[in-house]
Amino acid sequence: MTNAAHPVDRGLPAGRLLLLGLQHMAIMYTGCIAVPLVIGSALHLDSASVALLVNADLFVAGLATLVQSVGIGRLFGVRLPVVAGATFTVVNPMILIAAQYGLTAVYGAMIASGVFGLLIARPFAALIRFFPPLVSGTLLLVIGISLLGPGTAMIGGHDTGDPSYGDPANLGLAFGVIALVVLFTRVLRGFLGQIGPLVALVAGVLIAIPLGRAHFSGVGEASWFGLASPFHFGAPTFPVAAVVSMCVVMLVSFTETTADLIAVGEITGRPVTPADLSRGLATDGLSAIFGGFMNSFPDTAFAQNVGLVQMTGVRSRWVVATTGGMLVVMGLVPKIGAFIAAIPEPVVGGVAVVMFAMVAVVGVQTLKKVEFSGNHNGFVASVAIGVGLLPAFGLDRFGNSVFFQHFPAWLRTICGSPITVAAVLVFVLNLLFNHLGRRREGDLLP
């Protein structure tokens, strides 16, 4: 580590690194393990296989986070405080591919999409000029709002038809944690203020124990060491339809990662260049290749951790590198992961909804840089936000988007996520109104 002038490169004392890194890890953990849990349940895998997916997921996410924050030469890593984790965009395509071709096709297609990602990372990064504040701000706003859905599920429950949904005890626990986040942020200063969300989370766990909401029995049952060998489910296969589907997922992931990296660059005061973006996107491709080998999932930048950087003002990438190291250890030591997993969801949800909302606020701040007079920028943002959020509100009782359920499977890959819909719309509409053809007299530059 170096003590360079820029806060992004500045090292911190070991104790602060550990606590701040733990805070990032606590914020992203539930979202990270949700992907293997959902896919494992949908494919009716046994508990041992699901546990294997979780361990592999944490291990690969940790490596991707380390690469993003530390970097590898001129090839990989944006070298900003970016936490990587399994993307929800992959859930539906993986389930559909596994149902039709088996898990070997899932991981074969993932490896192929990772190679595709490596090949297009630089050309895609060259499009950064087509991601002005209008595009990135709109996308960040949609990301933040759409993430409130999973945050709501953490607090109220995952089945609105369950009589216990919205249990007052769970809601009280979450709202209490939110109140503590507000209190600690207001009254604590310096380093304690920076770890306010972590302190609130720990306090929430302590409150949950006597209420019977925290159960740590699984910690004793978990093993001390475990990581599956490569291709645990068999040698990869490469059906063309599966490969194409996962390549579409990679493009969607690239769009989401681009918006997050641009936001982190603005928050930290180190704007992202095309070369930086290329290295960051290449890391997403690398994680898909490695995830395919290690029975894991493609990773993308986690928006909730972008919100945490904004909230705490801690810009050092070495904090996030510490988080990456913790995730690698958790992937190798299931007992540690089981302890973190025992934190009650309402406690994590209380902190998470604040982080998700911070992402939306970053989007609003980005949109403040846009000129809305004498042009169609307001119209572009309105259409992208309005149509993009439709899948976020058309949900079944379990919180799954069913708005486009009658569309063909390949199209649901694109339309099933509000982030994807908004990304496609705002990108295309910005090109249509601000780049293609001659502007009418009186129109302003974006």
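The crossing of helices α5 and α15 is left-handed in this predicted model. Helix α5 covers residues 133–156, and helix α15 comprises residues 345–367. Their axes come within 7 Å and cross at roughly 165 degrees. Because angles over 145 degrees count as roughly antiparallel, α5 is described as roughly antiparallel to α15.

Attention may next turn to the aromatic rings. The model contains ten aromatic pairs. One of them joins Phe 130 and Phe 427, whose ring centres lie 6.4 Å apart. The planes of these two rings stand at 75 degrees to each other, and the pair is therefore edge-to-face, as angles over 60 degrees are classed in that way. Phe 130 belongs to the loop between α4 (103–125) and α5 (133–156), whereas Phe 427 belongs to helix α19 (residues 418–434), so the pair ties together parts that are 297 residues apart in sequence. Both Phe 130 and Phe 427 are buried. These two residues also take part in a cluster, in which ring pairs link Phe 124, Phe 130, Phe 131, Phe 254 and Phe 427.

A further aromatic pair is formed by Phe 231 and Phe 293. Phe 231 has a relative accessible area of 26% and is partly exposed. Phe 293 is likewise partly exposed, with a relative accessibility of 36%.

A polar atom of the Thr 312 side chain lies 2.9 Å from the backbone oxygen of Leu 308. In an α-helix there are 3.6 residues a turn, so residues three or four places apart point the same way. Thr 312 has a relative accessibility of 14%, and because buried means under 20%, Thr 312 counts as buried.

Helix α13 runs over residues 317–332 and has 16 residues. From the first C-alpha to the last, α13 reaches 23 Å, which is close to the 22 Å expected at 1.5 Å a residue. At the start of α13, a side-chain oxygen of Ser 316 comes to within 3.2 Å of the backbone nitrogen of Trp 318. Helix α13 is mostly covered, with 13 of its 16 residues buried.

Methods: Residues numbered from 1 in each chain as written. Predicted model: local features only at pLDDT ≥ 70, side-chain atom pairs only at ≥ 80, totals over all residues. Heavy atoms only, no water. Phe/Tyr/Trp six-rings, centres within 6.5 Å; stacked < 30°, edge-to-face > 60°. Helix = DSSP H or I, 4+ residues; strand = E, 2+ residues; numbered from the N terminus. Buried < 20%, exposed > 50% of the residue type's maximum accessible area, 1.4 Å probe, protein only. Expected span 1.5 Å × (residues − 1). Polar contact = N/O pair within 3.5 Å; in protein donor to acceptor, adjacent residues only side chain to side chain. Axes fitted to C-alpha atoms, helices over the stretch in contact; angles between N-to-C directions. Parallel < 35°, antiparallel > 145°, perpendicular 65-115°, else oblique. Left-handed = near helix turned anticlockwise from the far one by under 90°.
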